Amino acid sequence: MRAEEIAEGFPVVSIDSDALDAAGLLAEHRLPGIVVTDPSGRPYAVLPASQVVRFIVPKYVQDDPSLAGVLEHLLNVPAADADDTIIEVAAIMARLRSPLIAVLKDGKLHGVITASRLLAAALRR
């Protein structure tokens with residue numbers, strides 16, 4: 001089974017999008033994260049839903065290290081080629097600790113594989 005076979009359409013936001021739009025998509029669709037694209041539509045970053053919390057935490061809490069942890073987002077976009085096997089996709093996901101993987105076909109975003117979708121495909125008999 002190849003990555004392109006289990007990749008699915010997935011909401012994405014542009015790097016120029018408003019942060020609240022991204023947070024709204026994550027909440028509305030109960031997404032584990034979202035792919036951020038550059039102006040040409042290529043994957044730029046993955047923003048895990050857990051990192052969006054910083055948008056709702058008051059600044060004074062963010063400024064006090066004893067009250068809030070450091071939040072980071074993945075700028076090294078976790079991506080797989082469309083012809084990668086699901087084992088290769090799983091290895092990328094595990095190594096980068098990402099809740100989703102962007103699937104590229106001919107250098108363009110083809111779809112996204114979430115951890116739950118990957119597990120479902122791997123457990124099919």
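This is a walk through a predicted model of one protein chain, from its overall layout down to single residues.

Let us start with the overall layout. The chain has 125 residues, and 34% of them are buried. Its secondary structure consists of five helices and six strands. If you follow the chain from the N terminus, these elements come in the order α-β-α-β-β-α-β-α-β-β-α. Contacts across the sequence are part of the picture too: taking the contacts between residues at least 6 apart in sequence, 48% join residues at least 24 apart.

The average pLDDT of the chain is 82, and 80% of the residues score at least 70. Among the elements, strand β4 (residues 79-81) has the highest mean pLDDT, at 94, while helix α3 (residues 59-63) has the lowest, at 61. There is also a stretch, residues 68-72, over which the pLDDT is below 50. Leaving aside near neighbours in sequence, this stretch has six contacts in the model. Where pLDDT is low, the predicted coordinates should not be read in detail.

With that in mind, turn to a pair of helices. Two packed helices are described by the angle between their axes and the distance between the axes. Helix α4 (residues 86-96) packs against helix α5 (residues 115-123) at an angle of about 145 degrees, and the two axes are 11 Å apart. The crossing of α4 past α5 is left-handed. Which residues make the contact? On the α4 side they are Ile86, Val89, Ala90 and Met93; on the α5 side they are Ala115, Leu118, Ala121 and Ala122. What kind of residues are these? The contact of α4 with α5 comprises eight nonpolar residues, with no polar and no charged ones.

Charged side chains come into view elsewhere. How many salt bridges does a search of the whole structure find? The search finds two. One of them joins glutamate 4 and lysine 105, whose closest N and O atoms are 2.7 Å apart. This pair links distant parts of the chain, with glutamate 4 in helix α1 (residues 3-6) and lysine 105 in strand β5 (residues 100-105), 101 residues apart. Both partners are partly exposed: glutamate 4 has a relative accessible area of 29%, and lysine 105 is at 37%.

Apart from residues up to four places away in sequence, glutamate 4 touches Ala82, Val103, Lys105 and His110. The C-alpha of glutamate 4 is also 9.5 Å from that of isoleucine 86, although the two residues are 82 apart in sequence. You have already met isoleucine 86 as one of the α4 residues in the contact with α5.

In the other salt bridge, the side chains of arginine 117 and glutamate 8 meet at 3.7 Å, N to O. Arginine 117 sits in helix α5 and glutamate 8 in the loop between α1 and β1 (12-14), so this pair ties together parts that are 109 residues apart in sequence.

Now for a residue on the inside. Threonine 37 belongs to strand β2 (residues 33-37). Is threonine 37 buried or exposed? Threonine 37 counts as buried because its relative accessibility is 8%, under the 20% cut-off. Setting aside residues up to four places away in sequence, threonine 37 touches Val12, Val13, Ser14, Ile15, Arg42, Pro43, Tyr44 and Leu109.

Finally, two loop residues have a backbone feature to look for. Most residues other than glycine have a negative phi. Arginine 30, though not a glycine, has a positive phi of about 50 degrees. You will find arginine 30 in the loop between α2 (19-29) and β2, and it counts as exposed at 76% relative accessibility. Aspartate 106 is not a glycine either, and its phi is positive at about 55 degrees. Aspartate 106 lies in the loop between β5 and β6 (108-114) and is exposed, with a relative accessible area of 75%.

How values were computed. Residues numbered from 1 in each chain as written. Heavy atoms only, no water. Axes fitted to C-alpha atoms, helices over the stretch in contact; angles between N-to-C directions. Helix = DSSP H or I, 4+ residues; strand = E, 2+ residues; numbered from the N terminus. Left-handed = near helix turned anticlockwise from the far one by under 90°. Contact = heavy atoms within 4.5 Å. Nonpolar A, V, L, I, M, F, W, Y, C, P; charged D, E, K, R; others polar. pLDDT = per-residue confidence, 0-100. Salt bridge = Lys/Arg side-chain N within 4 Å of Asp/Glu carboxyl O. Buried < 20%, exposed > 50% of the residue type's maximum accessible area, 1.4 Å probe, protein only.
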